[in-house]
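Here are a few friendly notes to read alongside the model. Please keep the structure open as you go through the points.

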Amino acid sequence: MLAKILYIEDNPQNMRLVRKILQHSGYEMIEATDGLTGVALAAQELPDLILMDINLPDIDGLEATARIKALPQMAHVPVIALTANAMHGDRERFIAAGCDGYLAKPVTRIELLNTLAHFLGHTVRQIHYT
Ligand code: MN
């Protein structure tokens, strides 16, 4: 497996699309359909990267991101926000909440895989320098 990716998403179609892309590309994927389950899974599974929906049924993706980033073992794990309703200023809001990147939905295969390679590649290079 290339890496373990946690996707927190309440929309089954979006989940299915990303699952198909990740599984065919050699990633392990774990899934949560609400924010609190996502935070608990992040703490338990220690994924290498998190894809985060913003509109979730309980706490929103920004609150979930803040809680995950407060976990010492997860503080440096990249969180990429995924949202369909991106408006002016949203990117800044996501970054302020601790998100490391942002993808507009629906994501394309190429965009998603490029983003994962970018963030996971960066993590690998950092390990070599320390
Ligand atoms: Mn949603």
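1. Pro12, Gln13, Lys20 and His24 are the exposed residues on the face of helix 1 that points away from its buried side. Do bear in mind that this is a predicted model.

2. On the buried side of helix 1 you will find Asn14, Met15, Val18, Ile21 and Leu22. Viewed down the helix axis, these buried residues fall within an arc of 135°, so they line one face of the helix.

3. The 13 residues of helix 1 reach 18 Å from first C-alpha to last, close to the 18 Å expected at 1.5 Å a residue. Its N-terminal end is capped by Asn11, with a side-chain oxygen 2.8 Å from the backbone nitrogen of Gln13. After the helix comes Gly26, which has a positive phi near 90°.

4. Have a look at the manganese ion next: its protein donors are Asp10 (OD), Asp53 (OD) and Asn55 (O), at 2.0 to 2.2 Å. Their spacing in sequence is D-x42-D-x1-N.

5. Finally, strand 4 (residues 79-83) pairs with strand 5 in the parallel sense, over 4 bridges. Within this pairing, Ile80 stands opposite Gly101 of strand 5. Gly101 belongs to the covered face of strand 5 (residues 101-104) along with Leu103, while Tyr102 and Ala104 make up the uncovered one.

Terms used
Residues are numbered from 1 along each chain as its sequence is written. This is a predicted model: local features need pLDDT of at least 70, side-chain atom pairs count only at pLDDT 80 or more; totals for chains, interfaces and linings use all residues. Side-chain values use heavy atoms; hydrogens and water are left out. Buried means under 20% relative accessible area, exposed over 50%, partly exposed in between (1.4 Å probe, protein chains only). Helices (H or I, at least four residues) and strands (E, at least two) are DSSP runs, numbered from the N terminus. Two strands pair if DSSP finds at least two bridges between them. Donors are N, O and S atoms within 2.8 Å of the metal (3.2 Å for Na, K and Ca); water is not among the atoms, so sites may look incomplete. The expected span of a helix is 1.5 Å times one less than its number of residues. The arc is that of the directions from the helix axis to the C-beta atoms. A polar contact is a pair of N or O atoms within 3.5 Å; within protein, one must be able to donate a hydrogen and the other to accept it, and residues adjacent in sequence count only if both atoms are side-chain atoms.
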